Structures are given as structure tokens and as C-alpha cells.
Amino acid sequence: MRKAFSSTMTFRERLLGVLYIPFHSVILPFLLLVVFLAIGVEFSSAYFNLLYYTISFALILVIMFRFLKDSFSDMCGKFGRTLSSVVLGYLLHMAITFAAVLLLNQLLPVPVMTEVSPNTEAVAAAAVGSFNMIFAMTVILAPIVEEIIFRGALFGSLRMKSRFLAYAVTIVVFALYHLWQFLIDDFSWITLLFALRYVPASIALGWVYERTGNIWTPILLHSVINLVGMLLIRAQ
């Protein structure tokens, strides 16, 4: 019989984590933009995003310090399983992506699984002349912040009630998180279709969290996925 999923987040941590999603996604970047404009500071996209994720990381560290600390201790005691799960998770991510490329690029009006998404284009543009800042943001800060709120809080809370609901809701929220600004700026169904690009990663990240019950596993997998993406950007 499959072992029931259990989260080591307390109810308070899960609640704060879910509530933090709209704060991190919308409120914090808006507040930062208002402050910069009010004091008349010019900023690059790379600087803005690095500062945004640094602040969010600091807040997450305060809110989730116990959870991160206990999870890290647990991971150190089971590092072999963590490492194997990251490898298997990356292979799962690649396999789903490959299958989706074969299927969806035949069915959809644009090849969304092979075309560059608006979010990836924005990251690549910000990395020009500021690669180190964007690298730190995408490979170190973003995986910790995003996995805590999307997998740890949202997925973890829903998974204890419904596996299907946990995957479905997290996939949708995680995809829209990466695209909502582009949809507001210039909504199109083509842009919305790029949400499919985030399905393979969402499934793999949820699966490794289920497999180990430790949030550092999806954090490490997320870092690896983003690392590969940054290396590809650097190679262009």
C-alpha cells in the first residue's frame, strides 16, 4: 500500500505560505516599483529582479526557518535518496517534455513546447550584461522561494486531501505565475498556451516532493532545471 503523503510544515506555515503566493507574485514587485519610482532611482531589469527575489528570500527565511532547517537536517541524513530523486526527477521532466513536444506541436497552432516562452525571453534579455545577477536569482534564490510556496505550502496542503487536486492546482498556479504579467500587458491565446511549457517541470517537482517528503529535493531539482536553462542562454 502506498504510504500517505505527509507534510512537515505546520498549519501556520502552510497558511502563511499560501498567503505569501499573491504577496510574492503581485504585491511585492508592485511595492518595489512604486518605491523606485518615488525616489527617482533608475534600475535595470536584472537589478530589480535580483533585489525582488533577495527580499522575498529573506522574508521566506524568516517565515519558514524552522521548516527549512528541519528539512535540511533530514535531507543530510538521506542524501543518497535525495540525489537519486533529483536525477530521476530531471529524467522525468525531460521525458514528459519530449512526449509533449511530439504530441502538442502537432495539435497546437504554434510549437509552444519548442518556442521560447515570454518569461524565458525576459530572463535572457535581462541576463545580457548582467549574467551573474540573473544566474544568482534563477539558480539560487528563485528555487528556494518558489518551491517553498508552490510545492511546500500549496502542493503540500492540497496533497494531504487529493493527489489530483494538488497536481492540477499547482500546475495552473505555477504556470500563471510565470506568465501573468505578459498576459496583462498583451493578452493573447498564444501567450496563454505557453503555460503548457511549465507542466513537465511542475509534475516532476511535485513527484520528487512526494517521493522524499523533503522540500529540499524539489529545490535542488528546480535549481538544476534553471541551471541548464542559464547555461543554454550563456551559450547563445
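Me: Is Phe65 buried, exposed or partly exposed?

Reply: The class follows from the relative accessible area: buried is under 20%, exposed is over 50%, and partly exposed lies in between. In this predicted model, Phe65 has a relative accessible area of 49%, so the residue is partly exposed. Phe65 belongs to helix α2.

Me: How far is the C-alpha atom of Phe65 from that of Glu13?

Reply: The two C-alpha atoms are separated by 9.9 Å, although Phe65 and Glu13 stand 52 residues apart along the chain.

Me: At what angle do α1 and α2 pack?

Reply: The angle is about 155°, and the axes of the two helices are 10 Å apart. Angles over 145 degrees count as roughly antiparallel, and α1 and α2 are therefore roughly antiparallel to each other. The crossing of α1 past α2 is right-handed. By residue class, the contact of α1 with α2 comprises 19 nonpolar, four polar and two charged residues.

Me: How do α4 and α6 cross?

Reply: The axes of α4 (residues 118-127) and α6 (residues 163-185) come within 9 Å and cross at roughly 85°. The range from 65 to 115 degrees counts as roughly perpendicular, so α4 and α6 are described as roughly perpendicular to each other. On the α4 side the contact is made by Pro118, Asn119 and Ala122, and on the α6 side by His178, Leu179 and Phe182. Four residues of this contact are nonpolar and two are polar, with no charged residue.

Me: How many residues has the largest nonpolar core, and which of them have the most contacts inside it?

Reply: A core of this kind is a set of buried nonpolar residues joined through side-chain atoms. The largest one here has 45 residues, and those with the most contacts inside it are Tyr53, Ile60, Leu68, Ile148, Ile149 and Ile215. Two or more residues are given to this core by each of α1 (11-39), α2 (45-77), α3 (79-107), α5 (131-159), α6 and α9 (216-235). The largest share, 12 residues, comes from α5.

Me: With which residues is Tyr53 in contact, leaving aside its neighbours within four places in sequence?

Reply: Tyr53 is in contact with His24, Met137, Leu141, Ala142, Val145, Glu146 and Tyr177.

Me: How many residues has the second, separate core?

Reply: This second core has nine residues, among them Ala126, Ala127, Val139 and Ile233.

Notes. Residues numbered from 1 in each chain as written. Predicted model: local features only at pLDDT ≥ 70, side-chain atom pairs only at ≥ 80, totals over all residues. Heavy atoms only, no water. Axes fitted to C-alpha atoms, helices over the stretch in contact; angles between N-to-C directions. Helix = DSSP H or I, 4+ residues; strand = E, 2+ residues; numbered from the N terminus. Parallel < 35°, antiparallel > 145°, perpendicular 65-115°, else oblique. Contact = heavy atoms within 4.5 Å. Nonpolar A, V, L, I, M, F, W, Y, C, P; charged D, E, K, R; others polar. Core = buried A, V, L, I, M, F, W, Y, C linked by side-chain atoms within 4.5 Å. Buried < 20%, exposed > 50% of the residue type's maximum accessible area, 1.4 Å probe, protein only. Left-handed = near helix turned anticlockwise from the far one by under 90°.
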